[in-house]
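Please keep the structure open as you read.

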Amino acid sequence: MSTHRYAEYEDDYEEYEETPDVLDERPRRGVAHLVSALGGLLLTPVGLGLLSWGGLRQQQLIQATLSTNRDPLGIALLAGGAILLLVVAALGALSAAGPILGGLFYGVLPGVAAMAVPEWGFRLVNLMPKSDIAYGVMDFLFIGGLLGVGFLLVGSGLANALVRRRREA
């Protein structure tokens with residue numbers, strides 16, 4: 001016989017039946033998927049453009065002056081682009097759709113296309129209006145920067161999806 005003070009406790013709810021339809025119903029995540037996907041598709045190109053433009057400004061300044069002078073606008077553009085890409089990766093907490101779509105459409109696909117057939121890379125960049133941003137994107141595209149950032153965003157989205165799946169299991 002147990003000496004625990006609740007050992008003799010009787011459950012008044014022995015006949016209670018759990019309703020499986022309430023327990024099995026998962027919360028709907030359509031809004032989270034939509035917000036994440038739109039954020040990934042809208043913020044990724046802006047972030048990549050700012051990052052590319054800031055990098056081009058820094059590169060031109062260093063090459064023109066052969067010094068380590070700093071361009072405050074270039075640094076601000078680099079920081080702004082990096083922060084926007086961080087926001088896209090963080091949208092993976094809502095849904096993996098944003099980082100995966102943004103990474104695929106604006107990083108992996110153009111990067112693979114430019115590496116496989118460089119003419120396609122030039123055609124992609126020619127779709128943009130001629131500006132410093134277009135030249136920065138072209139540099140970033142052909143050095144593999146877009147490909148690398150694209151894979152990082154896709155990886156971040158997949159990691160978030162795996163974590164969510166393990167948490168729900």
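## Overall make-up

Of the 169 residues in the protein, 31% are buried, where buried means under 20% relative accessible area, exposed over 50% and partly exposed in between (1.4 Å probe, protein chains only). This is a predicted model, in which local features need pLDDT of at least 70 and side-chain atom pairs count only at pLDDT 80 or more, while totals for chains, interfaces and linings use all residues. Residues are numbered from 1 along each chain as its sequence is written, and side-chain values use heavy atoms, with hydrogens and water left out.

The protein has seven helices and zero strands; these are DSSP runs numbered from the N terminus (helices H or I, at least four residues; strands E, at least two). Among contacts (heavy atoms within 4.5 Å) between residues at least 6 apart in sequence, 76% join residues at least 24 apart.

## Two crossing helices

How do the axes of α2 and α6 cross? They come within 8 Å and cross at roughly 90°, the axes being lines fitted to C-alpha atoms, for helices over the stretch in contact, with angles from 0 to 180 degrees between N-to-C directions. The two helices, α2 and α6, are therefore roughly perpendicular, a label for angles of 65 to 115 degrees (under 35 is roughly parallel, over 145 roughly antiparallel, and the rest oblique). Residues making this contact include L48, W53 and L56 of α2, together with I133, Y135 and F140 of α6.

## The salt bridge

A search of the whole structure finds one salt bridge, defined as a side-chain nitrogen of Lys or Arg within 4 Å of a carboxyl oxygen of Asp or Glu. R57 pairs with D71, and their closest N and O atoms are 2.6 Å apart. R57 belongs to helix α2, whereas D71 sits in the loop between α2 and α3, 14 residues apart. With a relative accessible area of 25%, R57 is partly exposed; D71, at 12%, is buried.

## A buried glycine

Is G103 buried or exposed? G103 counts as buried, because its relative accessibility is 0%. This glycine lies in helix α4, which spans residues 97-116.

Which residues does G103 touch, leaving aside neighbours within four places in sequence? They are V108, G150, L153 and V154. The C-alpha atoms of G103 and L147 are 8.5 Å apart, although 44 residues separate the two along the chain.
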